[in-house]
Amino acid sequence: MTSTSTPPGLARFNDLEESAALAVLLEACASTAWARRLLAARPYVTADDLYAASDAAMAGLTAADLEEAMAGHPPIGRPRPGDPTSAREQRGMSGASEELRAEMLELNLAYQEKFGHVFLICATGRTGEQMRDAVKERIGNAPEREREIVRTELGKINRIRLARLVAED
């Protein structure tokens, strides 16, 4: 038997004052356009409704909106001090060798020089080596192709962060 009741974390999100809900969404994704679209679609009955709204909002982001979203992400291998979310998501780099850390720094800088923003990947569950291999592969992309990969990766990150929000008791 399936239940149609709204999960407690999602119900709590639905009940937040608009400014508080906007702040929570901006913690998940720094794109104001994305956050406002999700805010406007409240209340959500199921987590899947929230994820679908996130995916639709992500698909509608402009290049400037994507830039704003990416600005909220630290480089791989350098999570922001005091930011448990980026530290948790980049856990695969925590035990990386000094050589791998140095290589990632160089690759991050080369990527940023080419594309004008940080290398963005859904790092959850990936090893440092997998992230290094991904940046090596993607640095050869055309900017238009890379922008769409970034959109997809950002969508994955947003879903993971929204799932944590919904699951919170």
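A quick definition to start: a crossing is left-handed if the near helix is turned anticlockwise from the far one by less than a right angle. Keep that in mind for the helix pair I open with. One caution as well: this is a predicted model.

So, H5 and H9. Helix H5 covers residues 63–70, and helix H9 covers residues 143–167. H5 passes H9 in a left-handed crossing. Their axes come within 11 Å and cross at roughly 55°. The two helices are therefore oblique to each other. Who makes the contact? On the H5 side, Ala63, Leu66, Ala69 and Met70. On the H9 side, Arg147, Val150, Arg151 and Leu154. Sort those residues of the H5 and H9 contact by class, and you get six nonpolar, no polar and two charged.

Stay with H9, and bring in H2. The axes of H2 and H9 come within 9 Å. They cross at roughly 135°. That makes H2 and H9 oblique to each other too. H2 brings Val24, Leu25, Glu27 and Ala28 to the contact. H9 answers with Asn158, Arg161, Leu162 and Leu165. The class count for H2 with H9 is five nonpolar, one polar and two charged.

Take glutamate 146, which sits in helix H9. Is glutamate 146 buried or exposed? Buried, with a relative accessible area of 0%. The cut-off for buried is under 20%. What does this glutamate touch, leaving aside neighbours within four places in sequence? Glutamate 146 is in contact with Tyr111, Phe115, Arg138 and Asn141.

The other one is arginine 159, also placed in helix H9. Arginine 159 is partly exposed, at a relative accessible area of 34%. Set aside residues up to four places away in sequence, and arginine 159 touches Tyr51, Ala52 and Asp55. Look at the alanine in that list. Arginine 159 and alanine 52 are 107 residues apart along the chain. Their C-alpha atoms are separated by 9.4 Å.

Now to H3, residues 32–40. Which residues of H3 are buried? Trp34, Ala35, Leu38 and Leu39. Seen down the axis of H3, these buried residues fall within an arc of 130°, so they line one face of the helix. What do the buried residues of H3 pack against? Three helices are named here: H2, at 18–28, H4, at 47–59, and H9.

The crossing of H3 and H4 is right-handed. From H3, the contact uses Trp34, Arg37 and Leu38. From H4, it uses Leu50, Ala53, Ser54, Ala57 and Met58. By class, that gives six nonpolar, one polar and one charged. Note that Trp34 and Leu38 of H3 make this contact, and both are buried.

Last stop, the loop between H3 and H4. Proline 43 is found there. The peptide bond from arginine 42 to proline 43 is cis. Its omega is near 0°.

Key. Residues are numbered from 1 along each chain as its sequence is written. This is a predicted model: local features need pLDDT of at least 70, side-chain atom pairs count only at pLDDT 80 or more; totals for chains, interfaces and linings use all residues. Side-chain values use heavy atoms; hydrogens and water are left out. Axes are lines fitted to C-alpha atoms, for helices over the stretch in contact, and angles run from 0 to 180 degrees between N-to-C directions. Helices (H or I, at least four residues) and strands (E, at least two) are DSSP runs, numbered from the N terminus. Angles under 35 degrees count as roughly parallel, over 145 as roughly antiparallel, 65 to 115 as roughly perpendicular and the rest as oblique. Contact means heavy atoms within 4.5 Å. Ala, Val, Leu, Ile, Met, Phe, Trp, Tyr, Cys and Pro count as nonpolar, Asp, Glu, Lys and Arg as charged, and the others, Gly among them, as polar. Buried means under 20% relative accessible area, exposed over 50%, partly exposed in between (1.4 Å probe, protein chains only). The arc is that of the directions from the helix axis to the C-beta atoms.
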